[in-house]
Amino acid sequence: MTQPTDVYDNPLIGRYASTEMAERWGPLRKFRTWRRLWLALAEAEAELGLLADDGKSPRITPAQLQELASHLDDIDLKRAAAHEKRLRHDVMAHIHALGDVAPGCKEIVHLGATSCYVTDNADLILMRESLNQLCATLASVIDALATFSKTWKDEPTLGFTHFQPAQLTTVGKRATLWLFDFVLDLKELERRRDELPFRGAKGTTGTQASFLALFRGDHEKVKALDQLVAKKMGFETAGVFPVTGQTYSRKIDTQILDALNGLAQSAHKWGTDLRLLAHRQEVDEPFEAEQIGSSAMAYKRNPMRAERMCSLARFISGLPAMAANTVSTQWFERTLDDSACRRLYVPQAFLATDAVLRIALNLVTQRTGPDNRGLMVNRPVIAKNVREHLPYMVTENLMMAAVQAGEDRQEVHEVVRQHSHAVTARVKAGEGTTAELLEKLQRETAFDKVDFAVIAGQAPCEFVGRSPEQVEEFLADHIEPIRKRYASVLGKTAELHV
């Protein structure tokens, strides 16, 4: 007999995603949600006075509802699988499996509904819950990264444009760039979560014809049924889709996956920056006492967390294209070629995004113990790199001082350009140091009226502009509201499976 270890194990489950997210998209949770949807539909039909064929007695009795309610969780997956093998239809298989344990409610289950009543509505429920979990985890990432930003708001470091040394910034100010991307992502995830509607009870092709027949042509009761089922399943605020075919518009899937992709983009950018900083030995990710960087090169300390985060983010970024193709190839009211691929990319998009956020939280969260700190800032290395390039940074202040003293800006710029490139060439040839630049500029007549001692003698912190103030202002204006909104869930940590 085949054992679980004999077949493919999805790494998203075994290695990366949280148990909470994996169980949410597992079969038991899905099928239990289906049964709750059948109960909500039957309850709503009963409450709206659905009558039997005699036109007098209730079509759905309290006893039947009670029996259905008592069998919401006792799913026999083997029995359902046997039914599906025979019927070749998953929803009908589970209707039969429910009927096996609750025979008294066979006549009221799925009454007037099509398969998408349970499949689509369940997906929407699970997506909304998943978005809620992602928002909470992302808020914890933002909170921890904001603490890092504030801690290092005053620490001068080389800024980079084109990955070439540029004006100084601070370690904390750079972190606000990562933070702001995540803040934008949180807003988008919240919007998608809060605005996500319910498919509701729309019938076979979205016309509600079956429900209109059940309620004997009463349009108001059919409309009320749609809203009542949504309310029972927790979608009272967002409401229901105004119109659907057999399925809700698959455009909703693309919008949600695009939001997840946006988060993946931010995580990939951050992870890439961390990998580059690790190369420069300026910032290191956590590294356990017995962690191995390479099976061959024992000295290696690879940024495996950031690399894994980038890798999973890349996987997420490839999924929206499939969702977009599904939208564009749906014929009229529905075609079933959306089903198999959605079973893959919808759950896996959430599982992978959950995994990315777990890595992000593991990266930045300050933990106890000497080997389990969060991001480690190597101040001596950063300071060394700043000192080496500080003469170039000083030139901008020298230029401005010369211009204020009456020199032509373009002429001064050309003097600085020529000397800078000449000194750089000597440094690359191993024949000089960057300190020569200021010596050469001081001999130029363009700077005769400039006090070199004052400008060139300034400490690195004098060249970071408003970086510390920008950090404080950004945290106050954009992070504190998030901290207040998510106060009850902040402080999460995430230990990686491997």
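This is a predicted model: local features need pLDDT of at least 70, side-chain atom pairs count only at pLDDT 80 or more; totals for chains, interfaces and linings use all residues.

User: Which residues line the largest cavity, and how do they divide into nonpolar, polar and charged?

Analyst: The lining consists of F148, T157, V171, R174, W178, L274, L277, E282, V283 and I382. Seven of these residues are nonpolar, one is polar and two are charged. Arg and Glu count as charged, so R174 and E282 are the charged residues here.

User: Which helix gives the most to that lining?

Analyst: Helix α8 does, with three residues. Both α8 and α11 (251-279) supply at least two residues each.

User: Where is R193 placed?

Analyst: R193 sits in helix α8, which covers residues 171-195.

User: Why is R193 called buried?

Analyst: Buried means under 20% relative accessible area. R193 has 15% relative accessibility, so it counts as buried.

User: How do you know that R193 makes a polar contact with N132?

Analyst: The cut-off for a pair of N or O atoms is 3.5 Å. The side chains of R193 and N132 make their polar contact at 2.9 Å, which is within that cut-off.

User: What else does R193 touch, leaving out residues up to four places away in sequence?

Analyst: Besides N132, R193 touches R128, L131, C135 and Y486. Contact here means heavy atoms within 4.5 Å.

How values were computed. Residues are numbered from 1 along each chain as its sequence is written. Side-chain values use heavy atoms; hydrogens and water are left out. Helices (H or I, at least four residues) and strands (E, at least two) are DSSP runs, numbered from the N terminus. Buried means under 20% relative accessible area, exposed over 50%, partly exposed in between (1.4 Å probe, protein chains only). A polar contact is a pair of N or O atoms within 3.5 Å; within protein, one must be able to donate a hydrogen and the other to accept it, and residues adjacent in sequence count only if both atoms are side-chain atoms. On a 1 Å grid over the protein atoms alone, a cavity is a set of points where a 1.4 Å probe fits but cannot get out, and a pocket is an open set with protein on both sides within 12 Å along at least five of seven lines; lining residues have an atom within 4 Å of a point.
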